[in-house]
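Q: Please take a close look at one part of this model, a loop residue and the region around it. Where does it lie, and what surrounds that region?

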Amino acid sequence: MEPNRTTMRFVVLLVVGTLIVSGAAEYVRPPPGRAILTEHDKPASHPQQVHLSVVGANHMRVSWITDAKHGHSVVEYGRASGNYTTSATGEHTSYRYYLYSSGKIHHVTIGPLDPDTVYYYRCGTVGDEFTLKTPPAALPIELALAGDLGQTEWTASTLAHVSKNDYDMLLVPGDLAYADTQQPLWDTFGRFVQEHASRRPWMVTEGNHEVEAGMALPGSPGPFVAYTARWRMPHEESGSTSALYYSFDAAGGAVHVVMLGSYAAFNSTSEQYGWLARDLARVDRRATPWLVVLLHAPWYNTNAAHAGEGEAMRKAMERLLYEARVDVVFSGHVHAYERFTRVYDNEANPCGPVHITIGDGGNREGLAFDFQKNHKLARLSLMREASFGHGRLSVVNATAARWAWHRNDDADSTVRDELWLESLAANGSCRRTQPFADYWSDEL
């Protein structure tokens with residue numbers, strides 16, 4: 001896949017750490033878009049809210065919902081339209097949230113699948129045929145990123161821009177449906193994103209809008225009930241005991257992606273902390289030159305919105321990421337775009353990760369305009385803008401990746417920020433003399 005195949009109009013260009021700003025007309029930032037509530041207009045037995053996720057090196061999970069309680073948890077698939085040569089059977093679940101009862105939620109794992117291949121599939125033996133394309137088994141790989149999505153006109157614009165140019169996988173650092181306890185909004189969101197999420201895998205982690213904890217009364221729903229039932233991710237496959245944090249490999253293991261839980265316990269005695277240390281210790285940077293982390297509440301942020309909310313997690317976990325030489329950390333939560341230089345412990349550090357906030361997917365709450373010019377971290381912030389948009393991380397080879405942030409315009413997607421990254425595994429001055437696994441053992 002060519003990393004620069006998208007037609008672009010460059011406004012900001014960053015090359016080898018130098019910021020070059022060209023003149024541009026003042027951009028008028030849009031207000032929040034109207035909500036789009038997508039209804040189901042097919043029989044109750046027909047699959048809806050179809051979405052994909054990766055499971056291991058060559059399998060994918062197909063998830064969907066049926067209103068009918070007797071639907072079959074089976075997926076038929078093949079390489080030609082209408083010719084389903086293989087089938088797989090999975091499982092189903094459902095949940096209650098006070099007076100709301102979900103439909104039948106199906107999860108079926110299919111495979112083994114060939115990489116970089118189009119498959120045609122049908123869910124539950126009825127309804128529409130869908131197509132999917134599996135990710136490649138080696139570099140290059142194109143990872144799209146969009147956080148704090150919601151289901152508005154601006155979300156639709158963001159997802160349309162994402163899909164306008166091919167990509168292999170969408171990564172979402174939390175805040176999906178913005179249901180906020182109104183469970184039917186999970187259903188409208190699932191139908192809203194099906195056009196995109198049924199074609200490419202969506203790998204997500206939770207945000208604050210997924211919590212939805214009920215009242216502290218007997219029989220009240222616990223937190224994350226809808227999220228964990230509907231958006232099942234491969235946490236067990238990565239050795240995690242919680243659906244709120246997990247990891248997976250992409251491009252045949254050349255990229256290791258860690259999805260952390262901002263709303264799960266994260267101190268040094270927590271299960272998440274221990275799991276993260278073990279997960280990072282298993283990564284061989286000779287075979288896996290790229291380490292990418294996603295979480296919801298940003299550790300570095302100069303916006304007045306959600307100021308300091310990620311600080312406790314940063315203090316608890318940042319050293320683990322630094323010692324493992326994580327290349328880039330993506331977050332959401334703040335409804336704007338911001339990119340920092342390589343940083344560790346509130347100081348510029350060439351061996352620390354680049355921190356990028358991309359919580360500008362199109363949510364109903366609108367944008368966070370109040371960037372603070374005199375913030376103590378402003379000297380580390382290289383680019384910040386309150387606009388809707390999405391990002392693309394094109395991992396070209398073992399040493400180079402291109403990051404581009406695309407701002408939404410009405411009809412076009414404008415590249416507003418661009419950066420070429422060098423893998424820290426390839427940077428001799430950042431190479432660890434002590435293997436991370438040994439460092440983690442010393443910490444114990």
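A: Asp-175 sits in the loop between β14 (169-172) and α2 (184-197); helices (H or I, at least four residues) and strands (E, at least two) are DSSP runs numbered from the N terminus. This is a predicted model, in which local features need pLDDT of at least 70 and side-chain atom pairs count only at pLDDT 80 or more, while totals for chains, interfaces and linings use all residues. Residues are numbered from 1 along each chain as its sequence is written, and side-chain values use heavy atoms, with hydrogens and water left out.

Phi of Asp-175 is near 65°, a positive value in a residue other than glycine. Most residues other than glycine have a negative phi. Asp-175 has 0% relative accessibility and counts as buried (under 20% relative accessible area; exposed is over 50%, partly exposed in between; 1.4 Å probe, protein chains only).

Gly-174 is one of the residues touched by Glu-206, where contact means heavy atoms within 4.5 Å. Other partners of Glu-206, not counting residues up to four places away in sequence, include Phe-224, Tyr-227, Leu-260, Tyr-263 and His-296. Glu-206 belongs to the loop between β15 (202-204) and α3 (225-230), and is buried with a relative accessible area of 0%. Its side chain makes a polar contact of 3.1 Å with that of Thr-205; such a contact is a pair of N or O atoms within 3.5 Å, and within protein one must be able to donate a hydrogen and the other to accept it, with residues adjacent in sequence counting only if both atoms are side-chain atoms.

From Glu-206 to Trp-231 the separation is 25 residues in sequence and 9.7 Å in space, C-alpha to C-alpha. Trp-231 touches Leu-176, and also His-51, Trp-186, Phe-189, Val-193, Trp-202 and Val-204, again leaving out residues up to four places away in sequence.

Trp-231 is also, with Trp-202 and Leu-393, among the residues with the most contacts inside the largest nonpolar core, which has 88 residues. A nonpolar core is a set of buried Ala, Val, Leu, Ile, Met, Phe, Trp, Tyr and Cys residues joined through side-chain atoms within 4.5 Å. At least three residues of this core come from each of domain 1 (38-133) and domain 2 (135-437), with bounds from an automatic or database domain assignment. Apart from this core lies another, of 16 residues, including Val-50 and Phe-130.

On confidence, the protein averages a pLDDT of 91, and 90% of the residues score at least 70; pLDDT is the predictor's confidence in each residue, from 0 to 100.
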